[in-house]
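Have the structure open while you read.

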Amino acid sequence: MSILTKALTTAAMATALIAGSAQAEDMRIALVVKALGIGFFEAANKGAQEAAEELGDVEIIYTGPTDTTAEGQIEVINSLIAQKVDAIAVSANDTDALVPTLKKAMQRGITVISWDSGVAAEGRQMHLSPSSAPLIGNMIIKLAADNLPEGGEVAVLSATTTSTNQNTWIEEMNKVAGNYPDVKVVGTVYGDDLADKSYREAQGLMQTYPDLKAIIAPTSVGIVAAAQAVTDAGKIGEVNVTGLGLPSEMAGHVKSGASKSFAIWNPIDLGYSATMIAYHLAKGDATAEPGATIPMGRMGEATLDDNTEAAMADPFVYDESNVDEFSSIF
Amino acid sequence: MTVLKSREAILALAILVLLAVIASRFPAFVTPGNLAGVLTDTSPLILLALGQMAVILTKCIDLSVAANLALCGMVAALLDGMGVPLPLILLAAIGLGACLGAVNGLLVWKLGIPSIVVTLGTMTIYRGAIFLLTGGAWINAHQMSEGFKAFPRAVIAGLPVMAWLAVLIVAGFALLVLRTPLGRAFYAVGGNPHAAVYTGISVGRTQFAAFVLAGALAGLTGYLWVARYAVAYVDIAGGFELDVVAACVIGGIAIAGGAGSVAGAVMGALFLGIIKNALPVVGISPFWQMAISGSAILIAIAFNARGRRDPGRIILKRAEHRT
């Protein structure tokens with residue numbers, strides 16, 4: 001009799017404790033990154049913390065392996081499952097390797113999304129890309145147009161003739177070129193993502209088109225080489241170099257004036273948006289299904305496509321005013 | 001007639017024809033200012049081609065020059081970041097390049113491993129070492145000091161220092177090859193290793209010296225490259241070793257060793273450099289550019305092969321007409 005009473009009391013106590021703790025606890029969202037100590041992801045964590053503050057009842061667990069391996073991430077995720085977190089937002093080191101572990105997490109009722117670097121569709125509820133090809137294509141020509149109020153000739157310096165990313169972006173750019181009637185795209189050259197060849201091609205562009213006003217380089221090697229070529233040719237102020245680059249690599253060229261502005265995703269916004277989406281999915285006030293929209297706080301809404309993927313926003317524009325702040329991050 | 005038969009004369013003629021063709025499509029290319037720019041741009045290729053020439057003369061090949069260049073360039077940029085003065089950086093880059101070349105040379109000399117295998121291995125090791133040094137991070141324009149970037153660009157008597165360095169080193173190298181025992185040993189070792197041994201020349205030691213020389217030149221070029229393009233990362237000058245070998249081949253350096261001239265190597269490099277600089281401005285589709293560069297190399301090699309097709313040495317004069 002006494003044993004039964006004891007057992008019942010214990011059970012009741014335990015239930016009360018669990019219920020009590022669940023009530024008091026914040027929602028715990030784990031931000032799993034490719035590896036710890038990478039500036040880009042530290043910045044994403046900053047965004048996640050910002051989202052947590054805004055939401056109030058959220059605790060961010062920022063974690064990841066010490067090196068960029070899928071095995072390391074699987075261990076981290078297993079321990080997160082054991083800790084019974086409410087949501088996992090992962091930037092994956094491998095598209096497929098994480099799927100079984102993440103499936104296990106979803107079976108236990110944990111919300112799983114991927115961001116930045118995705119996992120296969122069956123291993124997550126949705127994926128958040130930093131941007132999309134049409135947005136990037138539009139942004140690179142817009143950057144050139146914004147600094148050319150009177151219009152003029154611009155040329156594209158790409159990576160190799162076979163680079164899928166660059167070719168897609170340039171194709172998307174050409175689709176919307178009609179919206180910028182004063183900007184005339186006179187040609188596309190290929191620097192093969194080699195500093196010396198890109199430099200030479202940029203020099204060639206300036207010689208072939210003496211009235212050239214801007215070089216659009218949607219590649220991080222190309223944009224740096226083109227900026228240096230413009231500097232060496234003494235054409236700062238005449239030819240503006242823009243495109244996609246990293247703040248740490250472009251800071252000097254923005255300060256010298258060779259590049260007035262360029263774009264790339266903003267890791268802070270990305271961490272913020274991933275946290276917002278994970279929160280709303282875990283809370284149950286949004287569902288991850290094709291066509292659904294999920295609120296992302298100050299970043300607007302994410303609209304899921306048929307593969308339950310969404311693009312966050314336009315690439316973020318960096319110029320003189322903010323390049324220093326970000327150049328120490330990535 | 002003998003003038004036309006000399007390889008260097010044919011190459012010089014080819015360069016003039018090339019310039020004329022380019023000028024017909026884009027006249028501004030042959031202005032003195034632009035040609036000076038082409039010479040400056042081709043300087044790294046000329047320097048590496050000279051080093052490669054010494055190595056090829058001794059029946060070896062050095063595929064690690066571009067990786068050596070990249071590693072020395074990265075080290076130079078790192079030293080600059082630490083505030084080391086420029087003369088010391090230059091010495092360090094050349095010294096490190098020579099050491100890396102010495103590693104190749106020792107492996108070829110002491111272990112007798114074929115040079116193509118040795119340098120294929122060290123090429124990957126040197127690239128990997130850059131990654132270990134930096135973790136894959138870039139060193140960018142704003143992280144380099146002004147003096148570091150300005151030195152190769154400083155203009156003296158119409159030409160930048162980078163081009164002057166190339167001119168000086170070409171002259172020094174010509175002296176070395178033609179007027180010193182070591183220079184003659186390069187030819188002797190490549191021409192006939194057994195005969196070289198009988199004359200008291202150590203084949204291994206000569207090959208070692210050639211590798212050290214090529215390494216030192218690659219080290220110097222590493223600094224020039226990084227300062228000129230104002231960026232250092234793991235993959236700089238990727239695939240450049242093939243351009244260097246191509247410049248030597250076009251310049252008539254016999255890949256089997258023992259034959260070739262400094263003028264040939266320099267003109268081979270200039271030929272490639274002119275093509276590389278002209279292709280972006282003459283308005284040829286980028287899809288054709290690689291094919292055109294490749295054809296130029298093939299044509300040059302075809303010339304080489306024709307020039308070398310000797311009738312064979314006649315040993316028994318009297319036996320010649322009997323058959």
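## H3 against H8 in chain B

In this predicted model, H3(B) passes H8(B) in a left-handed crossing. H3 covers residues 32–57 of chain B and H8 covers residues 161–179; the two pack at an angle of about 40°, with their axes 8 Å apart. Angles from 35 to 65 degrees fall between the roughly parallel and roughly perpendicular classes, and H3(B) and H8(B) are therefore oblique to each other.

Which residues of H3(B) meet H8(B)? On the H3(B) side they are Ala36(B), Leu39(B), Thr40(B), Ser43(B), Ile46(B), Leu47(B) and Leu50(B). Facing them from H8(B) are Met162(B), Ala163(B), Leu165(B), Ala166(B), Ile169(B), Val170(B) and Phe173(B). Sorted by class, this contact of H3(B) with H8(B) comes out at 12 nonpolar, two polar and no charged residues.

## H3 against H11 in chain B

H3(B) also packs with H11(B), residues 203–229, this time at an angle of about 170° and with the axes 8 Å apart. That angle makes H3(B) roughly antiparallel to H11(B).

On the H3(B) side, the contact is made by Ser43(B), Pro44(B), Leu47(B), Leu48(B), Leu50(B), Gly51(B), Gln52(B), Ala54(B) and Val55(B). H11(B) brings a list that includes Ala210(B), Phe211(B), Leu213(B), Leu217(B), Thr221(B), Leu224(B) and Trp225(B).

## The six-strand sheet of chain A

Over in chain A, six strands make an open sheet in the order S2-S1-S3-S4-S5-S13, with parallel pairing. S2 and S13 (309–311) stand at the edges with a single partner strand each, so one side of each has no neighbour in the sheet. Ignoring direction, neighbouring strands are turned by 20° against each other on average.

Zooming in on one pair, S1 (residues 27–32) and S2 (residues 58–63) of chain A run parallel over six bridges. Ala30(A) has Ile61(A) in S2(A) as its bridge partner, and Val32(A) has Thr63(A). Another helix, H10 (residues 267–283) of chain A, lies across S1, S2, S3 (87–90), S4 (111–115) and S5 (126–129), running at about 160° to S4(A).

## The four-strand sheet of chain A

Chain A also has an open sheet of four strands, ordered S7-S6-S8-S9, and the pairing here is parallel. At its edges stand S7 (183–190) and S9 (240–243), each with a single partner strand, so one side of each is left without a neighbour in the sheet. From one strand to the next, the twist averages 25°.

S6 (residues 152–158) of chain A pairs with S7(A) in the parallel sense over seven bridges. Val154(A) is bridged to Val185(A) in S7(A), and Ser158(A) to Tyr190(A) in S7(A). With helix H6 of chain A, residues 164–176, S6(A) and S7(A) make a right-handed β-α-β unit.

## H5 against H6 in chain A

That H6(A) has a helix partner too: its axis and the axis of H5(A), residues 133–146, come within 7 Å and cross at roughly 65°. H5(A) and H6(A) are therefore roughly perpendicular to each other. Their crossing is right-handed.

From H5(A), the residues involved are Ala133(A), Pro134(A), Ile136(A), Gly137(A), Asn138(A), Ile140(A) and Ile141(A). They meet Thr168(A), Trp169(A), Glu172(A), Met173(A), Lys175(A) and Val176(A) in H6(A). By class, the H5(A) contact with H6(A) holds eight nonpolar, three polar and two charged residues.

## Where the chains meet

How many residues of chain B are in contact with chain A? There are 18, and they touch 21 residues of chain A. H13 (262–278) and H14 (286–308) of chain B each supply at least two residues of the side that touches chain A. That side of chain B divides into 11 nonpolar, five polar and two charged residues.

Definitions and conventions. Residues numbered from 1 in each chain as written. Chains lettered and ligands numbered in written order. Predicted model: local features only at pLDDT ≥ 70, side-chain atom pairs only at ≥ 80, totals over all residues. Axes fitted to C-alpha atoms, helices over the stretch in contact; angles between N-to-C directions. Parallel < 35°, antiparallel > 145°, perpendicular 65-115°, else oblique. Left-handed = near helix turned anticlockwise from the far one by under 90°. Contact = placed C-beta atoms within 7 Å. Nonpolar A, V, L, I, M, F, W, Y, C, P; charged D, E, K, R; others polar. Pairing = 2+ DSSP bridges. Right-handed = clockwise from strand over helix to strand, strands pointing away.
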